[in-house]
Amino acid sequence: MNIDAGFSGQNASARAKVQAFGGFLTNMVLPNIGAFIAWGILTALFIPTGWFPSEKFAVLVGPVIKYLLPVLLAYTGGKMVAGQRGAVMGALGAFGLIIGAEIPMFLGAMIVGPLGGWIIKKFDNAIDGKIPSGFEMIVNNFSIGILGFILMMFSFIVIGPTIEGANNFVTIAIKALVATGFLPLLSLINEPAKVLFLNNVIDQGIYYPLGMQDTLQAGKSIYFMVASNPGPGLGLLLAYSVFGKKSAKRTAPGAIIIHFFGGIHELYFPYVLMKPLTIIAMILGGMSGIATFQLFGVGLVAGPSPGSIFAYLALTPRGNFVGVIAGVLVAAVVSFFVTSFILKLDKSKDEETDTFEESVAKSKAMKAEGKELLNKDKAVTLNVKKVAFACDAGMGSSAFGAATFKKKLQKENIDDIIVNNYSIENIPEDSDVIVVHKNLVGRTEMSHKDKKIIAITNYLNDPNIEELLEDIKESKKK
C-alpha cells in the first residue's frame with residue numbers, strides 16, 4: 001500500500017500545481033522571515049504581557065505588522081513575477097489594501113503583490129518594441145504610475161474589503177473550533193497534507209496570517225503551532241530507531257537530529273510513506289499536542305521557521321514554556337507509542353515496502369521504477385558540471401541533500417562539479433541534473449521539462465543518488 005497510490009494522472013498534476021502554489025507562497029514569505037521574527041521579538045519583549053513591558057517601544061508593534069510586513073510580502077511577490085517594476089506595483093497595491101482594511105493584510109499582500117507583477121509584465125510585453133526611441137523612460141515611469149494608481153484604488157475599494165470579509169469568516173470558523181475544543185481535529189488535514197509536501201500551503205496561506213492577527217491582540221497565537229509541532233515527527237522517528245528494520249532503523253537516529261533540532265520536517269515524510277498506516281500516529285500525535293497547547297493556553301509570538309525545537313523555544317513568550325514543552329513532549333510520546341504498535345504488528349521478515357536502501361536486487365528495481373516514473377530513458381549525461389538539489393523552500397531538505405552529496409564527491413576527490421540547493425522555482429537553467437523528492441517530481445517537471453530529474457525518497461542515503469555518484473565517477477575515469 002502506498003499513500004500516493006491515489007495520485008496519478010490528472011490527480012498527480014493537480015497535486016503538483018497545489019505544491020507549486022505552496023512553493024510560490026513560501027518563496028514570497030521566506031526572504032522576509034527575519035522581519036517576522038524581529039516583530040515577534042519586539043512583541044515578546046515590550047507588549048504589556050512581555051518580558052520587559054514598555055509603552056515607548058510597544059508603539060512599534062502595530063505599525064510593523066500593519067504596514068511593514070504586508071508591504072514586504074507584496075514587494076517580494078511582485079518582484080518574483082516581474083522584477084523591480086513588479087515589486088513597485090505590488091507595494092502600491094498593498095498600500096491600498098492596508099489603508100482599506102482593519103486587519104493585517106498578509107493574505108491580501110500575497111495576492112496583490114503577484115497580481116501587480118503580472119499586470120506590469122503583461123503591459124511590458126504588449127508594448128515591447130513599440131516605444132519610440134527616446135521615450136522609454138517616460139513610458140516606463142508613467143506606466144507604473146498610472147497602473148499602480150489604478151491597482152491601489154482597486155485594492156482599496158474592492159480587494160481589501162473582500163479579503164477582510166473572507167478572512168473574518170475563516171477566523172470565526174477556526175475560533176469556533178477553539179471555543180468548542182475541536183481545534184485538534186485540524187490534524188486530520190494537517191498531517192496527511194504535510195507528508196504530501198503541501199505543508200507550506202497550510203502554514204503560509206492560512207495559519208501564519210491568522211496567527212499574526214491573533215498575536216497583535218493577545219501577544220501570542222496557537223495557530224503557529226497547529227501544523228509545525230516537531231513532536232509527532234520525533235515520536236515517529238524514535239519508534240523507527242527502536243522497532244524499525246534494516247535501513248529504516250539505521251537512518252532514523254540521524255533523521256531525528258536533523259528533524260527535531262534542525263527543523264527539517266521533510267526528513268520524516270519518507271518513513272510515513274513507507275508504512276502509510278503510521279499516518280494514524282502522526283494524526284493522533286498532532287491532536288494530542290494541540291490539545292495540550294490548548295489546555296495550558298499557550299502560543300508562540302511568530303511562525304517558527306524552520307520548525308525546530310530551538311525555534312519553538314526562541315519564540316515562546318514569558319509564562320508559556322511549560323505548556324509549549326509539554327505539548328511537544330505529549331505529541332512525541334503519543335506518536336511514539338502508536339508508531340511502535342504499528343511497527344510491532346508488522347511480522348514480515350523483510351522490508352518489501354521499504355523505500356530506503358535495500359539489497360542490490362531491490363536497488364536495481366527501484367532505479368528502474370524511478371526512471372519509469374520520470375519518463376527518462378536516457379542515462380545521466382556523463383558531462384555533469386552542475387547538480388541542483390531542490391525542495392519546496394530551497395533551504396531545508398535540499399540544503400542537507402546538497403551538503404551530503406558534496407561530501408560524497410569530496411571523498412572521491414571530485415572538486416570540479418557545482419552542487420547547490422534551490423527552491424524548485426529558482427533552479428538555474430544551466431543545471432545538468434536536478435535531484436528532488438519523488439513527491440515533487442510532477443511540480444519540478446512543470447518548470448523544468450527538459451532537465452534530467454532524479455527522484456529520491458531518502459535524504460540520508462538513496463540508491464538513485466548513489467547511481468548518480470557512480471555515473472560521475474565513471475565519467476571521470478573516461
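This is a short tour of the structure, stop by stop, with something to select at each one.

**Before you start**

You're looking at a predicted model, where local features need pLDDT of at least 70, side-chain atom pairs count only at pLDDT 80 or more, and totals for chains, interfaces and linings use all residues. Numbering runs from 1 along each chain as its sequence is written, and side-chain values use heavy atoms, with hydrogens and water left out.

**The whole chain**

Show the protein chain as a cartoon: there are 18 helices and four strands. Helices (H or I, at least four residues) and strands (E, at least two) are DSSP runs, numbered from the N terminus. Of the 478 residues in the protein chain, 53% are buried; buried means under 20% relative accessible area, exposed over 50%, and partly exposed in between (1.4 Å probe, protein chains only). Now for contacts, meaning heavy atoms within 4.5 Å. Among the contacts in the protein chain with a separation of 6 or more, 75% are between residues 24 or more positions apart.

**Stop 1: α2 and α4**

Two packed helices are described by the angle between their axes and the distance between the axes. Axes here are lines fitted to C-alpha atoms, for helices over the stretch in contact, with angles from 0 to 180 degrees between N-to-C directions. Select 33–46 (α2) and 61–99 (α4): their axes come within 11 Å and cross at roughly 175 degrees. That makes α2 roughly antiparallel to α4 (angles under 35 degrees count as roughly parallel, over 145 as roughly antiparallel, 65 to 115 as roughly perpendicular and the rest as oblique). By class, that's 10 nonpolar, one polar and no charged residues. Ala, Val, Leu, Ile, Met, Phe, Trp, Tyr, Cys and Pro count as nonpolar, Asp, Glu, Lys and Arg as charged, and the others, Gly among them, as polar.

**Stop 2: α9 and α12**

Next, select 231–243 (α9) and 279–296 (α12), whose axes come within 8 Å and cross at roughly 140 degrees. These two helices are therefore oblique to each other. Look for P232, G233 and L236 in α9 meeting M282, G285 and G286 in α12. The classes here are three nonpolar, three polar and no charged residues.

**Stop 3: α16 and α18**

Move on to 397–411 (α16) and 463–477 (α18): the axes come within 11 Å and cross at roughly 35 degrees. F405, K408 and L409 in α16 meet I465, E466, L468, L469 and I472 in α18. This contact has six nonpolar, no polar and two charged residues.

**Stop 4: N413**

Click N413, in the loop between α16 and β2 (418–423). N413 is exposed, at 70% relative accessible area. Its phi is near 60 degrees, a positive value in a residue other than glycine. Most residues other than glycine have a negative phi.

**Stop 5: K386**

Is K386 buried or exposed? It's buried, with a relative accessible area of 14%. K386 lies in strand β1 (386–391). Its side chain and that of D430 are joined by a polar contact of 3.3 Å (a pair of N or O atoms within 3.5 Å; within protein, one must be able to donate a hydrogen and the other to accept it, and residues adjacent in sequence count only if both atoms are side-chain atoms). Not counting residues up to four places away in sequence, the residues K386 touches include I417, Y422 and P428.

**Last stop: L440**

Finish at L440, in the loop between β3 (433–437) and α17 (441–447). L440 counts as buried, at 0% relative accessibility.
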